[in-house]
Amino acid sequence: MKRQALAIEAMRAGAAALLGKHDFSAFRAAECQAKSPVKTLDRIDIAREDDMIRFDLHADAFLQHMVRNIVGALVYAGSGRQAPEWIAELLQSRDRKRGAPTFGACGLYLTGIDYPQHWNLPPTVVPLSIPRC
C-alpha cells in the first residue's frame, strides 16, 4: 500500500490555531485526570525530514494523549480529510468525539523537559531509544 504524502503547509495552518492558552478538552483522553484542561501551547514546529515528518511541540504541560490527538488532527488536515480550519473549530468545540482518531504512540517520542527557572532544576534530556513498532 502506497502512503499518501501529507501537505505540510495545511498542517502548519491548522496548528497555528492551537498556539496560545486554550482549553484543550477536544484533545484529551477520556480518562485524563488533569485538574484543568487549560494549557499553553508555545510552539508547534512541523518539518519534513527525508521520508518522515517531525512534529515538535512545546507547552507548559500536556494532557493525557494531547500530543497524540493533536498529531491525529494535523494528519487529517494534511491528508485533506479535513480543512486546516477544522482544527480551530475542534478546539473551540471542546468535544473529543468530534476529533480525529488518537494517533498511535509508535513514532512519537518525549525528547526533553524544560522546567521553569524558579525551580532551579537543570533541563532534562530524555535518552532517545527507538522501539520497534
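Arg-94 is found in the loop between α3 and β4, where helices (H or I, at least four residues) and strands (E, at least two) are DSSP runs numbered from the N terminus. Arg-94 has a positive phi of about 60 degrees although it is not a glycine, and its side chain meets that of Asp-23 in a salt bridge. The model is predicted: local features need pLDDT of at least 70, side-chain atom pairs count only at pLDDT 80 or more, and totals for chains, interfaces and linings use all residues. Residues are numbered from 1 along each chain as its sequence is written, and side-chain values use heavy atoms, with hydrogens and water left out.

- Arg-94 counts as exposed because its relative accessible area is 51%; exposed means over 50%, buried under 20%, and partly exposed in between (1.4 Å probe, protein chains only).
- Asp-23, by contrast, counts as buried, because its relative accessibility is 16%.
- The N to O distance in the salt bridge between Asp-23 and Arg-94 is 3.5 Å; a salt bridge is a side-chain nitrogen of Lys or Arg within 4 Å of a carboxyl oxygen of Asp or Glu.
- This pair links distant parts of the chain, with Asp-23 in strand β1 and Arg-94 in the loop between α3 and β4, 71 residues apart.

**Other salt bridges**

- By this rule the count comes to 4 salt bridges.
- Asp-45 and Arg-43 are joined through their side chains in one of them, at 2.9 Å from N to O.
- Asp-45 is partly exposed because its relative accessible area is 36%, and Arg-43 is partly exposed at 39%.
- Another salt bridge is formed by Asp-56 with Arg-54, whose closest N and O atoms are 2.9 Å apart.
- Asp-56 is partly exposed, with a relative accessible area of 25%, and Arg-54 is partly exposed with 38%.

**Helix α3**

- Helix α3 spans residues 85–93, and its buried residues are Trp-86, Ile-87, Leu-90 and Leu-91.
- These residues cover an arc of only 140 degrees around the axis, which puts them on the same side of α3; the arc is that of the directions from the helix axis to the C-beta atoms.
- An α-helix has 3.6 residues a turn, so residues three or four places apart point the same way.
- The exposed residues Glu-85 and Gln-92 are carried on the face of α3 turned away from its buried side.
- The buried residues of α3 pack against α1 (8–16), β1 (20–23) and α2, contact meaning heavy atoms within 4.5 Å.
- Arg-94, with its positive phi, follows α3.

**Nonpolar core**

- The largest nonpolar core holds 29 residues, of which Leu-18, Phe-24, Phe-27 and Ile-70 touch the most other members; a nonpolar core is a set of buried Ala, Val, Leu, Ile, Met, Phe, Trp, Tyr and Cys residues joined through side-chain atoms within 4.5 Å.
- Two or more residues are given to this core by each of α1, β2 (38–49), β3 (52–59), α2 and α3.
- Helix α2 gives the most to this core, with 8 residues.
- Ile-70 is in contact with Leu-18, Phe-24, Phe-27, Leu-41 and Leu-57, leaving aside its neighbours within four places in sequence.
- In soluble globular proteins, nonpolar side chains tend to be buried together.

**Asn-69 in helix α2**

- Asn-69 lies in helix α2, which comprises residues 66–79.
- Asn-69 counts as buried because its relative accessibility is 1%.
- With its neighbours within four places in sequence left aside, Asn-69 is in contact with Phe-27, Arg-28, Ala-29, Arg-96 and Thr-102.

**His-65**

- His-65 is a residue other than glycine with a positive phi, near 65 degrees.
- His-65 is placed in the loop between β3 and α2.
- His-65 counts as partly exposed because its relative accessibility is 27%.

**Nonpolar surface patch**

- Tyr-115, Trp-119 and Leu-121 form a nonpolar patch on the surface, with about 310 Å² of accessible area together.
- Patches are made of residues with over 30% relative accessible area and no salt bridge, with like charges joined within 9 Å and nonpolar side chains (Val, Leu, Ile, Met, Phe, Trp, Tyr) within 5 Å.
- Accessible areas come from the Shrake-Rupley method with a 1.4 Å probe, and for residues only the protein chains shown count as cover.
- Tyr-115 is found in the loop between β4 (112–113) and β5 (124–125).
- Tyr-115 counts as partly exposed because its relative accessibility is 33%.
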